[in-house]
Amino acid sequence: QVQLVESGGGLVQPGGSLRLSCAASGFTISKHYMNWVRQAPGKGFEWVSGINHGASSTSYSDSVKGRFTISRDNAKNTLYLQMNTLEPEDTAIYYCVRGLYSNVEWGQGTQVNVSS
């Protein structure tokens, strides 16, 4: 019943931008801590960003701070990640994740390739 579907990934040149979307169903995203997590080729999972329920406070990893922006549209029950000034090091599969320590649900992921 709970489902997270990411979209918006693709191939982009360094310095370009992408906006990822995560459409949620079966629950209300504004009632959960929502996160973006990524996995680069041959590497482990890296937490990227999170947005709190209620007050919607946001946080970012040092590697993306100032370049990425997490947000949500409660009316659409959708989470977003605006990615600007992309770097080759941002190449990864990006996952939308509900929670991190409880009530955890993962989407299938969307591929982001940053290359010239």
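Colleague: Why is D90 called buried?

Modeller: Its relative accessible area is 1%. Buried means under 20%, exposed means over 50%, and partly exposed is in between, with a 1.4 Å probe and protein chains only. So D90, at 1%, gets the label buried. Bear in mind that this is a predicted model, in which local features need pLDDT of at least 70 and side-chain atom pairs count only at pLDDT 80 or more, while totals for chains, interfaces and linings use all residues. Residues are numbered from 1 along each chain as its sequence is written, and side-chain values use heavy atoms, with hydrogens and water left out.

Colleague: What makes D90 and R38 a salt bridge?

Modeller: The closest N and O atoms of that pair are 3.0 Å apart. The rule asks for a side-chain nitrogen of Lys or Arg within 4 Å of a carboxyl oxygen of Asp or Glu, so the D90 and R38 pair, at 3.0 Å, passes.

Colleague: Which other residue meets D90 in a salt bridge?

Modeller: R67, at 2.8 Å from N to O. That pair links distant parts of the chain too, with R67 in the loop between strand 6 (58–60) and strand 7 (68–73), 23 residues apart from D90. Like D90, R67 is buried. Zoom out a bit, and R38, E46, R67, E87 and D90 are linked in a network of salt bridges.

Colleague: How many salt bridges turn up in the whole structure?

Modeller: Five. One of the salt bridges joins D62 and K65, with the closest N and O atoms 3.3 Å apart, and D62 and K65 are both exposed.

Colleague: How do you know what counts as a strand?

Modeller: Strands are DSSP runs of E, at least two residues long, while helices are runs of H or I, at least four residues long, and both are numbered from the N terminus. By that count the chain has zero helices and 11 strands.

Colleague: And why is the chain called as compact as a globular protein of its length?

Modeller: The radius of gyration is taken over C-alpha atoms, and the globule rule is 2.2 Å times the number of residues to the power 0.38. For 116 residues the rule gives 13 Å, and the chain's own value is 13 Å, so the chain is as compact as a globular protein of that length. The C-alpha atoms fill a box of roughly 40 × 25 × 25 Å along the principal axes, and 42% of the 116 residues count as buried.

Colleague: Is T110 buried or exposed?

Modeller: Buried, because its relative accessible area is 9%. T110 lies in strand 11 (residues 110–114).

Colleague: What does the side chain of T110 reach?

Modeller: The backbone nitrogen of G9, at 3.2 Å. A polar contact is a pair of N or O atoms within 3.5 Å; within protein, one must be able to donate a hydrogen and the other to accept it, and residues adjacent in sequence count only if both atoms are side-chain atoms. At 3.2 Å, the T110 and G9 pair is inside that limit. Contact in general means heavy atoms within 4.5 Å. Setting aside neighbours within four places in sequence, T110 has contacts that include E6, S7, L20 and Y94.
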